[in-house]
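Welcome, and please take a moment to turn the model around before reading on.

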Amino acid sequence: MPDCVAGVPDSGVAHAVGYSNRSGVPYSRPFVKYTPTWPRSFMPTIQSRRDLIAKMKLVPIHKLIDGKRLLLIDDSIVRGTQLRETTEYLYRSGAKEVHIRPACPPLLFGCKYLNFSRSDSEQELITRRVMERLEKTREFSREILDEYIDPDSDRYHAMLEEIRRELHFTSLHYHRLDDMIEAIDLEPCKLCTYCWSGKE
């Protein structure tokens, strides 16, 4: 049982508040966000700049981190580099455990419409890199992709475990697409789920 749930500012905060309200795990804010002049950290195309902005904008509150088992929520995991840095930052600040709960399912397809992921290729996505290692290829049949999309499949669980190990999380569980659609309470035909399902 985590000691508290926190959101990565600002994208994970609303999700963390909702998780806290539903689960009864106390909500906490172990970071102060300082971004008067910096853009969203995922926006720059150069990784070193993304890393620098991510590091500069989060100021830790050690009393809320030291010795704690934290459950951390962000809106998504795209490349994984920033969340890994944040996790390692929390460990260096004294966190005992860091459990990650992204608010959306794994991103398996680059966004065709809004350039949401800001990736030059799908191979930048942590999911695709892990799938490539597990399958030893960059070419995936629709049948194999469907297994990685299915949260009840062995391939899906293998992908999550590989991501968890690579990014040094204590545990990792994504939001299921079917549960997310149900929670939104809109007809599926009115939602774009391409980046998660590959279906238009």
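Start with Glu122, which sits in the loop between S5 and H4. This is a predicted model, so please read what follows as a description of that prediction. Is Glu122 buried, exposed or something in between? Its relative accessibility is 26%, so Glu122 counts as partly exposed. Leaving aside residues up to four places away in sequence, Glu122 touches Leu108, Phe109, Gly110 and Arg128. Look at Phe109 in particular: Glu122 and Phe109 are 13 residues apart in sequence, and their C-alpha atoms are 6.2 Å apart in space.

Now step back to the whole chain. It has 8 helices and 6 strands, and along the sequence they follow the pattern β-α-β-α-β-β-α-β-α-α-α-β-α-α. Of the 200 residues in the chain, 44% are buried. The chain exposes about 10,800 Å², and carbon and sulfur atoms supply 52% of that area. How much of the contact pattern joins residues at least 24 apart? Among contacts between residues at least 6 apart in sequence, the share is 66%.

With that overview in hand, look inside. The largest nonpolar core has 32 residues, and those touching the most other members are Leu72, Ile77, Leu90, Ile100, Met159, Ile163 and Leu172. Several elements each supply at least two residues of this core: strand S1 (4–7), strand S4 (69–73), helix H3 (81–92), strand S5 (97–100), H4, helix H5 (142–149) and H6. Which of them gives the largest share? That is H6, with 5 residues. To see one core member in its setting, find Leu172. Apart from residues up to four places away in sequence, Leu172 touches Ile77, Ile100, Arg101, Pro102, Leu160, Ile163 and Arg164. There is also a second, separate core of 9 residues, which includes Val78, Leu177, Ile181 and Cys195.

In H7, which spans residues 177–184, Leu177, Met180 and Ile181 are buried. Why do they count as lying on the same side of H7? They cover an arc of only 100° around the axis, and that puts them on the same side of the helix. Helix H8 (194–197) is part of what covers the buried residues of H7. On the face turned away from the buried side you will find the exposed residues Glu182 and Ala183. Just after H7 comes Asp185, which takes a positive phi of about 65°.

Charged side chains give another way to read the model. The count of salt bridges comes to 15. Among them is the pair of Glu135 and Arg155, whose closest N and O atoms are 2.7 Å apart. This pair links distant parts of the chain: Glu135 belongs to helix H4 (residues 126–135) and Arg155 to helix H6 (residues 154–167), 20 residues apart. Both partners are partly exposed, with relative accessible areas of 22% for Glu135 and 25% for Arg155. Another salt bridge joins Arg138 and Glu132, with 3.3 Å between the closest N and O atoms. Glu132 is partly exposed, its relative accessible area being 25%.

Return now to H6 for one more pair. The side chains of Glu161 and Arg165 meet in a salt bridge, 3.5 Å from N to O. How many residues apart are they in helix H6? They are 4 apart, so about one helical turn separates them. Glu161 is partly exposed at 31% relative accessibility, and Arg165 is partly exposed with a relative accessible area of 46%. Salt bridges that share partners join Arg129, Arg133, Glu161, Glu162, Arg164, Arg165 and Glu166 into one network.

For a last stop, come back to the surface. Val32, Tyr34 and Val59 form a nonpolar patch there, with about 270 Å² of accessible area together. Where is Tyr34 placed? Tyr34 is in the loop between strand S2 (31–33) and helix H2 (47–57).

Methods:
Residues numbered from 1 in each chain as written. Predicted model: local features only at pLDDT ≥ 70, side-chain atom pairs only at ≥ 80, totals over all residues. Heavy atoms only, no water. Buried < 20%, exposed > 50% of the residue type's maximum accessible area, 1.4 Å probe, protein only. Arc of directions from axis to C-beta. Contact = heavy atoms within 4.5 Å. Salt bridge = Lys/Arg side-chain N within 4 Å of Asp/Glu carboxyl O. Patch = residues over 30% accessible without salt bridge, like charges linked within 9 Å, V, L, I, M, F, W, Y side chains within 5 Å. Areas by Shrake-Rupley, 256 points an atom, 1.4 Å probe, with all protein chains shown as cover. Core = buried A, V, L, I, M, F, W, Y, C linked by side-chain atoms within 4.5 Å.
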